[in-house]
Amino acid sequence: MPRKIRFGPAGYPLEARGNVKKVFKILSDAGMDAFEYAAVYGLRTKEEKAKLIGNLSKEAGIAMSMHAAYYINLASNTSRIRKASKQRLVKALKFAPLMNVKRIVFHAGTHGNRSRDEAHVIIRDALREVWEKAGASGEGAYLAPEIAGKLSTYGSKEQIIKLCQEVDGCIPTIDWAHIYARNQGKVNDKESYLKIITQFEDGLGDLFVKNMHFHVSGITFTEKGEKAHRPLGQEWGPDILPLMEIVRECGYKPHYICESTNPLEGALYTKFLYEELEKVSK
Ligand SMILES: [Zn+2]
């Protein structure tokens, strides 16, 4: 299947009340063709249900990603937590083919009481171990570490690029709201968006370009970075229109996953902007 620009929410639409069939019905009725399954409190899905999700997403032509547990911390000071974090990613990779999932998004961890470089080595080695153990069983699913919203957390763009260079099976998840928060609201126009995309492309080449996975939402921040996610298209930045313009001009084909407070509404807004840009260019 050739890659195309896709849009979708993170997490089940509330109206579905947890009913998986309704989830995919709502998504396809809304014209969504991507979805990020939220396993943010741990992947508790049973095999049977995982298969159902996989089949429903295939029928609906929806590209699937999964957001793994928030409490993954590959560089924790506690070895038990480091071990459990690796196991969570191994499990996610094993479930990926059942659920038709192609990217496992996660926050790699904190720096703990380590230097940034030490944290990097520990996280890198942990991910290498995860990939060796379960990369093949993911049947083409990638590990997709995300840019962190808080400056104290592991996950600057430099760290994520390095991680993806050094570990097989890793692609970046660029959360534009997190980038905006990390930079105190400065990444908000075409030029700065392009600069960052170029940095990823220079560092990772086709691996990045062919697997572009973006998170979008509004956000509030302090000098320490991310504070809280907010709706898109209102008074909170970042402005994603210039991002979508530059992506379009360069011919990139990312998947846009909306993580705002009402993710489906935000994904519809993102898709609307895209369609407006298409109209203007005709
Ligand atoms: Zn995100």
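Let me begin with Asp175, whose bridge partner in strand 7 is His215. Strands here are DSSP runs of E, at least two residues long, and helices are runs of H or I, at least four residues long, each numbered from the N terminus. Residues are numbered from 1 along each chain as its sequence is written. This is a predicted model: local features need pLDDT of at least 70, side-chain atom pairs count only at pLDDT 80 or more, and totals for chains, interfaces and linings use all residues.

Strand 6 and strand 7 (residues 213–216) pair in the parallel sense over 3 bridges; pairing requires that DSSP find at least two bridges between two strands. Both belong to an open sheet of 4 strands, in the order 1-10-7-6, with parallel pairing. At the edges are strand 1 (6–9) and strand 6 (173–175), each pairing on one side only.

The largest nonpolar core has 82 residues, and Ala68, Ile104, Ile123 and Leu127 have the most contacts inside it. Such a core is a set of buried Ala, Val, Leu, Ile, Met, Phe, Trp, Tyr and Cys residues joined through C-beta atoms within 7 Å. A residue is buried if 20 or more other C-beta atoms lie within 10 Å of its own, exposed if 12 or fewer, and partly exposed in between, with C-beta atoms placed from the backbone. Helix 4 (residues 116–134) gives the most to this core, with 8 residues.

Finally, the whole protein. There are 10 helices and 10 strands, and 47% of the 282 residues count as buried. The C-alpha atoms fill a box of roughly 55 × 45 × 30 Å, taken along the principal axes.
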